[in-house]
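Hello,

Here is the structure we talked about, with sequence and coordinates together. My notes follow below it.

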Amino acid sequence: MVKKKKKLRKIKGFAIQFLPYSEIRDLNSTERIKKILTIIFGQNILILQGKLKPDEETRLIEDTMAMIGHVKNFSGIELAVISGNGNNQSYFTKMKQGIANALAGGDLGAITIIGPATIVKEIKRNPKKIELMLN
Amino acid sequence: MVIKIVKNFFKKIFSNMFREKKSIKLGFYGPPNAGKTSLANRICKDFTGEEIGSVSKIPHETRTIQFKEKVEIDYKGKKMVFKMIDTPGIATKIDYEDFLKYKMKKKEAKKRAKEATQGVVESIKWLDDMDVVVIVLDATENPYNQVNITIIGNLVARKIPVLIVANKIDLKKAEVKKIEVAFPEYEVVGISAKHGKNLEEFYESIFKLSKKVK
């Protein structure tokens, strides 16, 4: 009888899931975080259109911490938000952007990348490029 | 009616005259191993003779909120009283296996990881209670870390004054400029908490920010 090999933690593949902002626009903060974490627990790298509010980001960190040790092979997340650099924009452009964001219900000019720490070792972020270092 | 107004006016004046100086709640936030406790220790030791907590090369040494009440900082003849609040480092991932590299036993590493996760939650919960926050960053590390941006975003949303400290400037790899470029809207002070370098500028900035506290 062939002995079963010990299960390794090393990941052989991963999936990238895109989540349009329209899918979370009408959800409250609790539901948004739950949806995001469900995708992450499925060993997916999530690319979210837009970004979370500052308090939702901290809530995501809090809930992530609460799940470490309770979800098998889960040791946290890697997270990065890339948004258009508004520093060089004129006041009028910023105002237009603000109105557009208010109508859309969020900052759609941003992209949020979230991955499980078991897959994504590090997200190196420099102003002009983003690198996903995998485990 | 007039008597009541006059009575309240004098009551207010007298209570202000004899009221004890209110402590400004000064929080130290940042990622693990940036030197939050080292800086808080340096200040506490200079002005009270006692330290606030222990420091270690192993990340997540501070796993619960640590306080030091009534720390009176005397800078250039001006005095301000602070309640120092040293917080556990905020991270998005904690793996007990990372602690094993420091020759820690598995059971001990798992315990440290569990306490560290609770510490992160505690740090976040305390954000609401701060008057002024010092974000301590390791000047040898890449500042474009989402945790740093998340903490600052939350403080801005809560209208809490922020000072960014670029720690470890005694190290060759330190790049204060990189932190200044990453956070152009904030004052960045380069220091070495370990060697007490450039603390004068730090105190100056803290006094300036603390005046904004109502």
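A:Ala80 has A:Ile113 as its bridge partner in strand 4 of chain A. This is a predicted model, so every value here is computed. Strand 4 (residues 111-116) runs antiparallel to strand 3 of chain A, and six bridges join the two. Both belong to an open sheet of four strands in chain A, with the order 1-2-4-3 and mixed pairing. Its edges are strand 1 (15-19) and strand 3 (77-82) of chain A, each of which pairs on one side only. Neighbouring strands of this sheet are turned against each other by 15° on average, direction ignored.

Helix 1 (residues 29-41) of chain A packs on that sheet. Helix 1 of chain A touches strand 1, strand 2 (44-49), strand 3 and strand 4 of chain A. Its direction makes about 150° with that of strand 2 of chain A.

Helix 1 of chain A also meets helix 2 of chain A. Their axes come within 10 Å and cross at roughly 55°. The two helices are therefore oblique to each other. Helix 1 of chain A passes helix 2 of chain A in a right-handed crossing. From helix 1 of chain A, the contact uses A:Ser29, A:Arg32, A:Ile33, A:Ile36 and A:Leu37. From helix 2 of chain A, it uses A:Glu56, A:Arg59, A:Leu60, A:Asp63 and A:Met67. By class, that contact has five nonpolar, one polar and four charged residues.

A word on confidence in chain A. Its mean pLDDT is 83, and 72% of its residues reach 70 or more. Among the elements of chain A, helix 2 has the highest mean pLDDT, at 97. Helix 3 (residues 91-104) of chain A has the lowest, at 62. Where pLDDT is low, the predicted coordinates should not be read in detail.

Now chain B. It has seven helices and six strands. Along the sequence, the pattern is α-β-α-β-β-α-α-β-α-β-α-β-α. Its C-alpha atoms fill a box of roughly 70 × 35 × 35 Å, taken along the principal axes.

Chain B has an open sheet of six strands, in the order 2-3-1-4-5-6 and with mixed pairing. Strand 2 (66-75) and strand 6 (188-190) of chain B stand at the edges. Each has a single partner strand, so one side of each is left without a neighbour in the sheet. On average, neighbouring strands are turned by 30° against each other, direction ignored.

Strand 1 (residues 24-29) and strand 3 (residues 78-86) of chain B pair in the parallel sense, over five bridges. B:Phe28 stands opposite B:Asp86 in strand 3 of chain B. Helix 2 (residues 36-48) of chain B lies across strand 1, strand 2, strand 3, strand 4 (132-138) and strand 5 (162-167) of chain B. This helix runs at about 55° to strand 2 of chain B.

Helix 2 (residues 54-67) of chain A packs against helix 4 of chain B at about 155°, with the axes 8 Å apart. These two are therefore roughly antiparallel. The crossing is left-handed. Chain A brings A:Thr58, A:Ile61, A:Glu62, A:Met65 and A:Ala66 to the contact. Chain B brings B:Thr117, B:Val120, B:Val121 and B:Ile124. The class count is six nonpolar, two polar and one charged.

How is helix 2 of chain A placed against helix 5 of chain B? Their axes come within 8 Å and cross at roughly 135°. They are therefore oblique to each other. This crossing is left-handed. A:Pro54, A:Asp55, A:Glu57, A:Thr58 and A:Ile61 make the contact with B:Thr150, B:Gly153, B:Asn154 and B:Ala157. By class, there are three nonpolar, four polar and two charged residues.

Best wishes

Terms used. Residues numbered from 1 in each chain as written. Chains lettered and ligands numbered in written order. Predicted model: local features only at pLDDT ≥ 70, side-chain atom pairs only at ≥ 80, totals over all residues. Pairing = 2+ DSSP bridges. Axes fitted to C-alpha atoms, helices over the stretch in contact; angles between N-to-C directions. Contact = placed C-beta atoms within 7 Å. Parallel < 35°, antiparallel > 145°, perpendicular 65-115°, else oblique. Left-handed = near helix turned anticlockwise from the far one by under 90°. Nonpolar A, V, L, I, M, F, W, Y, C, P; charged D, E, K, R; others polar. pLDDT = per-residue confidence, 0-100.
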